[in-house]
Amino acid sequence: MRDHIYNQTIKHRVCDIDKIESWLNKLYKWMFINSNCISFSEFLIKEKELEKELEHLVLGLINAQRATGISLRFFSEIDSIYQSLENDIKAYLSSDLDFKSRASVIVSSPGFFAVYAYRVSYVFYQLDLSVLSQVCSGYARKLTGIDICYKAVIARGFIIDGGIGVIIRENVKINHNVRISSGVILGAIFSNKQESVIVDHNVIIKNNVSIQTQNITIGAYSVIEQNQIIKQSVKPHFCIEV
């Protein structure tokens, strides 16, 4: 039986979840928490170390040549990931939430970390490495209580206020400058439509709102008050009150 177990682990490779989660933390610190005040050259060396580590992480899942290419392609997207997250940070700081500095968002916002993990997972998904996407999403869910599917499409300037119980499913598209709060559920559990819920730009969705019906659009500049179940589209500039 031992030989069967061994052969199955070789035949059906499974990524090392602990190492991927560790790598995700290291990448976050490299991008946002340069606490050692290292030189720029050392900063670039650290990037190469992260790149090589990613290559080794995917080596058991794909062939060596593709593993190198995947790692290079991922790091070619770092600027785009970083710029999106910088826009998210600016949205936090321009809101009425109690974040007084960039550092306070980075070190104390579970919502921001969950969105960071999502933006990394989305790139992995585009690179056809959905297993890594799933690990990233699962790690963020475990740490923050926020569940964002790596297949969702979320534009820049996204704020999650609090975040416990937030679920964003795969068939959701969120445009820029949207803010949601704890307990918000977006997206149908089962949907044949590519985008079952579309949240247009500059929308605020407050605590415990559920939008799980298919073919729903929340119009731009709308405010959805807390504890609502939305079953039909909402026009722009509309406020659904309690």
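Tutor: Let us begin with exposure. A residue counts as buried when its relative accessible area is under 20%, as exposed when it is over 50%, and as partly exposed in between. Please bear in mind that this is a predicted model.

Student: Is N227 buried or exposed?

Tutor: N227 has a relative accessible area of 52%, so it is exposed. This residue lies in the loop between β12 and β13 (239-240).

Student: Which other residue has a positive phi although it is not a glycine?

Tutor: Y221 does, with a phi of about 65°. Its place is the loop between β11 (216-218) and β12 (223-224). Y221 has a relative accessible area of 43%, and therefore it is partly exposed.

Student: How many helices and strands does the protein chain have?

Tutor: The protein chain has 8 helices and 13 strands. Of its 242 residues, 45% are buried. The chain exposes about 12,800 Å², and carbon and sulfur atoms supply 51% of that area.

Student: How does one read the packing of two helices, for instance at what angle helix α2 and helix α3 pack?

Tutor: One compares the directions of the two axes; an angle over 145 degrees counts as roughly antiparallel. Helix α2 (residues 17-32) and helix α3 (residues 40-59) pack at about 160°, and their axes are 11 Å apart. Because of that angle, α2 is roughly antiparallel to α3. The crossing in which α2 passes α3 is left-handed.

Student: Which residues make the contact?

Tutor: From α2 come K19, I20, W23, K26, L27 and W30, while α3 contributes F43, K46, E47, L50, E53, L54 and L57. By type, the residues of this contact of α2 with α3 divide into 8 nonpolar, no polar and 5 charged.

Student: At what angle do helix α5 and helix α7 cross?

Tutor: Helix α5 (residues 78-94) and helix α7 (residues 110-126) cross at roughly 160°, and their axes come within 10 Å. That angle is why α5 is roughly antiparallel to α7. Here α5 passes α7 in a right-handed crossing. The contact is made by I81, S84, L85, D88, I89 and Y92 of α5, together with G111, F112, V115, Y116, R119 and V123 of α7. The residues of this contact of α5 with α7 comprise 8 nonpolar, 2 polar and 2 charged.

Student: Where is A114 found, and with which residues is it in contact, leaving aside its neighbours within four places in sequence?

Tutor: A114 is found in helix α7. Apart from those neighbours, A114 is in contact with A140, T144, I146 and I148. The relative accessibility of A114 is 2%, so this residue counts as buried.

Student: How far apart are K48 and F75?

Tutor: K48 and F75 are 27 residues apart in sequence and 9.4 Å apart in space, taken from C-alpha to C-alpha. K48 belongs to helix α3. Because its relative accessible area is 52%, K48 is exposed.

Terms used:
Residues numbered from 1 in each chain as written. Predicted model: local features only at pLDDT ≥ 70, side-chain atom pairs only at ≥ 80, totals over all residues. Heavy atoms only, no water. Axes fitted to C-alpha atoms, helices over the stretch in contact; angles between N-to-C directions. Helix = DSSP H or I, 4+ residues; strand = E, 2+ residues; numbered from the N terminus. Parallel < 35°, antiparallel > 145°, perpendicular 65-115°, else oblique. Left-handed = near helix turned anticlockwise from the far one by under 90°. Contact = heavy atoms within 4.5 Å. Nonpolar A, V, L, I, M, F, W, Y, C, P; charged D, E, K, R; others polar. Buried < 20%, exposed > 50% of the residue type's maximum accessible area, 1.4 Å probe, protein only. Areas by Shrake-Rupley, 256 points an atom, 1.4 Å probe, with all protein chains shown as cover.
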